[in-house]
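Colleague: Could you take me through this one? I'd like to go over a few spots with you.

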Amino acid sequence: MSQLSTPEFIWTNGGVRPWNDARVHVWTEVVLRAASVFEGLRGYWVPEESRHYFVHLEEHARRLRESAKVTRIPTELTADDLHKALSELVLALGYREDVYCRPTLYLEKGRYTTATSASDTGFFMPVFQSPREKSIDTGLTTQISSWRRSGDDTAPPRVKAAANYYNLRLARLEAEANGFDEAILLNGAGKVAETGGASVFLVRQGRVITPKLSDSILESITRQSTIDLLREEVKVEVREVDRTELYLADEVFLTGTLCEITPVVSVDRFEIGSGQPGPLTRRVQEAYYATCRSGVGDEHGWLTAGPVLA
Ligand code: PMP
């Protein structure tokens, strides 16, 4: 991922504040036991309209509430609240380019320690500039991680909790240490799950295949959008995927808010297809970007308009 520069402002404590004013004490649940849940969503800059369009804002707000529910972090945050906060921050920052937004709910105290039974939920949200990654064009090398993806009975992947990223961090760091760009994790049953930040798709003999939601993956919003786009053209199988199916695939690609549609050019040093991003991957990328950048012309109902920047 590109190095993101520190923004001047952040949304915290009910409004836009200087970046350095967003603080928590070290003796809080979020620091001690990673009690937080978060979302990552994008705003695509549409220059003709001088505004951003946020992708799947409603779905991200819903998943944030669902993650909070399972982890018992009290919140009443709605999609409208999120839109209002985003609009205020985007106006203050004035970035005339694509952005990545990371709304986060966290516990200052409560629900775990014996010291207190009351919960005290905090909310913060940074918005970063988010230039296009080189790997969108060149693709990534990957390895199957020796770390397994946590399961619904341990640290449920359906929930986007900061604590889950400890599992994914181990896999990422192992891949990096071994000279790969990214790790693909298997689940407890030894089937393909996902990477530390994206869903996995493969194309084999004209069929597109992706793991099921109950295969220890995040209920990814981009995964569903990609399935919808693909089904306009090909059949998509949603089922358990074996590791060796990846080795034998004609194309493999990853989908996620941050990585968008990123080609995979090798798995465990097995070249995928010709070792270059494949034709279907390229077509899905085009279709995905066309929708994300369609602004007022959005035909899929994915987009919510941000404020017009002067
Ligand atoms: N899996 C994991 C573990 C992730 O962190 C992400 C990024 N949120 C994804 C998949 C992709 O999810 P989405 O398409 O909703 O961004």
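Predicted model: local features only at pLDDT ≥ 70, side-chain atom pairs only at ≥ 80, totals over all residues.

Colleague: Ligand first, then: how many residues surround the ligand, and which are the closest?

Modeller: The ligand is surrounded by 15 residues, and the closest of these are Y165, E194, S220, T222 and T257.

Colleague: And what is the distance from an oxygen atom of the ligand to an N or O atom in the side chain of T222?

Modeller: That distance is 2.5 Å for T222, while the side chain of R63 has an N or O atom 2.8 Å from an oxygen atom of the ligand. On the nitrogen side, a ligand nitrogen lies 2.8 Å from an N or O atom in the side chain of K160.

Colleague: Switching to helices, at what angle do the axes of α6 and α8 cross?

Modeller: The axes of α6 (residues 221-230) and α8 (residues 279-292) cross at roughly 110 degrees and come within 10 Å; since angles of 65 to 115 degrees count as roughly perpendicular, the two helices are therefore roughly perpendicular to each other.

Colleague: Which residues meet there?

Modeller: From α6, T222, T226, L229 and L230 meet L280, V284, A287, Y288 and T291 of α8, and the residues of this contact divide into 6 nonpolar and 3 polar, with no charged ones.

Colleague: Last one: is N164 buried or exposed?

Modeller: N164 counts as buried because its relative accessibility is 5%, and buried means under 20%. N164 sits in the loop between β10 (140-148) and α5 (165-177), and, leaving aside residues up to four places away in sequence, N164 touches R149, A155, P156, P157 and V159.

Note on methods:
Residues numbered from 1 in each chain as written. Heavy atoms only, no water. Helix = DSSP H or I, 4+ residues; strand = E, 2+ residues; numbered from the N terminus. Buried < 20%, exposed > 50% of the residue type's maximum accessible area, 1.4 Å probe, protein only. Contact = heavy atoms within 4.5 Å. Axes fitted to C-alpha atoms, helices over the stretch in contact; angles between N-to-C directions. Parallel < 35°, antiparallel > 145°, perpendicular 65-115°, else oblique. Nonpolar A, V, L, I, M, F, W, Y, C, P; charged D, E, K, R; others polar. Near = heavy atom within 4 Å. Polar contact = N/O pair within 3.5 Å; in protein donor to acceptor, adjacent residues only side chain to side chain.
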